[in-house]
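Biologist: I'm new to this one. Can you put it on screen and walk me through it?

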Amino acid sequence: MRKTMNILAVVSLVALAGCAASQEFFKTDKDRFLGPGMVVHNRTDAAWRHQQATVDHAVTLVLAGRYDEAMDVLGPVAGKINTATPRGRELAAEAYFWKAYCYQQRGELPRAHRVYKGIVAKWPETPAAENARLMLPPG
């Protein structure tokens, strides 16, 4: 009982004292403040989740050998991913990696190599860039 009372007291103090700080911390054009510790990252997170699901669907198509269909799925989403965040950069690099892989599987090697090189140049710190390096010919 006493532990519960202490927890409630701490939560109340944090809510009262931290209200202004919370509002200031979450003041962005993409976030909406709903109260202490309650922020909805509505547009940005929803768009990212949709893009992630689209890339995941394309990977499923690639693994099934359906390269043309995968390209149809990846084409519209790859260039629209917001790369301002680390997870956005990783997702964009992954989308372009699978595009390059599709080009490679369709026999379009020069085009595939250009995309792999672009991934390495633009997002060198991503896992997709590491994979792209492995796909490039030596030299």
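Modeller: Here is a short tour, from the overall layout to single residues.

Biologist: What kind of model is this?

Modeller: It is a predicted model, where local features need pLDDT of at least 70, side-chain atom pairs count only at pLDDT 80 or more, and totals for chains, interfaces and linings use all residues. Residues are numbered from 1 along each chain as its sequence is written, and side-chain values use heavy atoms, with hydrogens and water left out.

Biologist: What is the mean pLDDT of the protein?

Modeller: The mean is 79, and 68% of the residues reach 70 or more. pLDDT is the predictor's confidence in each residue, from 0 to 100.

Biologist: Where is confidence lowest, and where highest?

Modeller: Lowest in helix 1 (residues 2-25), with a mean of 41. Highest in helix 5, at 98. Over residues 1-41 pLDDT stays under 50. The model has 28 contacts beyond four places in sequence for that stretch. Contact means heavy atoms within 4.5 Å.

Biologist: OK, layout. How many helices and strands?

Modeller: Six helices and two strands. From the N terminus on, the order is α-β-β-α-α-α-α-α. Helices (H or I, at least four residues) and strands (E, at least two) are DSSP runs, numbered from the N terminus.

Biologist: How much of the protein counts as buried?

Modeller: 29% of its 139 residues. Buried means under 20% relative accessible area, exposed over 50%, and partly exposed in between (1.4 Å probe, protein chains only).

Biologist: And which residues touch the most other members of the largest nonpolar core?

Modeller: Val55, Phe97, Tyr116 and Ile119, out of 30 residues in that core. At least two core residues come from each of helix 2 (42-63), helix 3 (67-78), helix 4 (86-105), helix 5 (109-122) and helix 6 (127-135). Helix 4 gives the largest share, nine residues. By nonpolar core I mean a set of buried Ala, Val, Leu, Ile, Met, Phe, Trp, Tyr and Cys residues joined through side-chain atoms within 4.5 Å.

Biologist: What does Tyr116 touch?

Modeller: Leaving out residues up to four places away in sequence, Tyr116 touches Phe97, Ala100, Tyr101, Gln104, Ala132, Met135 and Leu136.

Biologist: Let's stay with helix 5. Which of its residues are buried?

Modeller: Ala112, Val115, Tyr116 and Ile119. Seen down the helix 5 axis, they fall within an arc of 100°, so they line one face. The arc is that of the directions from the helix axis to the C-beta atoms.

Biologist: Which residues are exposed on the other side?

Modeller: On the other side of helix 5, Pro110, Arg114, Lys117, Ala121 and Lys122 are exposed. What covers the buried residues of helix 5 includes helix 4 and helix 6.

Biologist: What about helix 6, which residues are buried there?

Modeller: Ala128, Ala129 and Ala132. They too line one face of helix 6, because they fall within an arc of 100° seen down its axis. Their cover includes helix 4 and helix 5.

Biologist: Switching to helix 3. How far apart are its end C-alpha atoms?

Modeller: 15 Å. That agrees with the 16 Å that its twelve residues should span at 1.5 Å a residue. The expected span is 1.5 Å times one less than the number of residues. The buried residues in helix 3 are Ala70, Met71, Val73, Leu74, Val77 and Ala78.

Biologist: Now some single residues. Is Gln51 buried or exposed?

Modeller: Gln51 counts as buried, because its relative accessibility is 12%. It is found in helix 2. Beyond four places in sequence, Gln51 touches Val77, Lys80, Ile81, Asn82 and Leu91.

Biologist: Where does Ile81 lie?

Modeller: In the loop between helix 3 and helix 4. Ile81 is buried too, at 6% relative accessibility. Leaving aside neighbours within four places in sequence, Ile81 is in contact with Gln51, Gly88, Leu91, Ala92 and Ala95. Ile81 and Trp48 are 33 residues apart in sequence, and their C-alpha atoms are 7.5 Å apart.

Biologist: Last one. What does Thr54 touch?

Modeller: Val73 and Val77, not counting residues up to four places away in sequence. Thr54 lies in helix 2 and is buried, with a relative accessible area of 17%.
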